[in-house]
Amino acid sequence: MAITQLSAFLENTPGTLYRAVSSITEAGVNIRALSVADTKDFGILRIIVSDIEKTKEALDDNTVITETPVIAVKMSDQKGALKKILDVLQDDEINIEYVYAFTGAMQDSAYVVLRVDDIGEAEERLNSNGLKTLSDEDMGGFLA
């Protein structure tokens, strides 16, 4: 039940992120989550969007885009909520490659996106510990 994240490799120059986000917006796509990691010469824009194909079409033809399965977990917007998720993954020695989190529109709701080395095992362990993982279809409804 992993969700699909797009990663776009962008030149690290003024206006590049603006142009990418503008193009996605003008294509009528909702950006549900976003993270940018940078180096001196380029950045990696990681996004979860309402329409993957429209997003890929909207970005510059020279932009390298990859699709990556990631896990999104619903959690409360309270202290210790992220630690509960990490405890489960730590107990089963599931490696986390990267993570980013954001709050939801509903009060006391938050979400964490995780890239892990074993998605199936991670989802199974999280769900068996009462933690809700989301699908691509869930993302729109849960974030509303």
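Trainee: Quick one to start: does Gln5 count as buried or exposed?

Mentor: Gln5 counts as buried, because its relative accessibility is 0%. Buried means under 20% relative accessible area, exposed over 50%, and partly exposed in between, using a 1.4 Å probe and protein chains only.

Trainee: What kind of model is this, by the way?

Mentor: This is a predicted model, where local features need pLDDT of at least 70 and side-chain atom pairs count only at pLDDT 80 or more, while totals for chains, interfaces and linings use all residues. Residues are numbered from 1 along each chain as its sequence is written, and side-chain values use heavy atoms, leaving out hydrogens and water.

Trainee: Back to Gln5, then. Which side chains make polar contacts with the Gln5 side chain?

Mentor: Tyr98 does, at 2.6 Å, and Tyr100 does too, at 2.8 Å. (A polar contact is a pair of N or O atoms within 3.5 Å; within protein, one must be able to donate a hydrogen and the other to accept it, and residues adjacent in sequence count only if both atoms are side-chain atoms.)

Trainee: What else is Gln5 in contact with?

Mentor: Leaving aside neighbours within four places in sequence, the residues in contact with Gln5 include Ile47, Thr66, Val70 and Val113. Contact here means heavy atoms within 4.5 Å.

Trainee: And which strand is Gln5 found in?

Mentor: Gln5 is found in strand S1. Strands are DSSP runs of E, at least two residues long, numbered from the N terminus.

Trainee: Nice. How many strands does the open sheet have, and in what order?

Mentor: Six, in the order S2-S3-S1-S4-S6-S5, with antiparallel pairing. Two strands pair if DSSP finds at least two bridges between them. Strand S2 (31-38) and strand S5 (96-103) are the edge strands, each pairing on one side only.

Trainee: How many bridges join S1 to S4, and how many join S1 to S3?

Mentor: S1 (residues 3-11) and S4 (residues 64-76) are joined by seven bridges and run antiparallel; there, Ser7 has Thr66 as its bridge partner. Between S1 and S3 there are six bridges, and those strands run antiparallel as well. Leu10 has Gly43 of S3 as its bridge partner.

Trainee: Now S3. How many of its residues are buried?

Mentor: Seven of its eight residues are buried, so strand S3 (residues 42-49) is mostly covered.

Trainee: And what do S2 and S3 form together?

Mentor: They form a hairpin with three residues between the strands. Seven bridges join S2 to S3, and Ala33 has Ile48 of S3 as its bridge partner.

Definitions and conventions. Helices (H or I, at least four residues) and strands (E, at least two) are DSSP runs, numbered from the N terminus.
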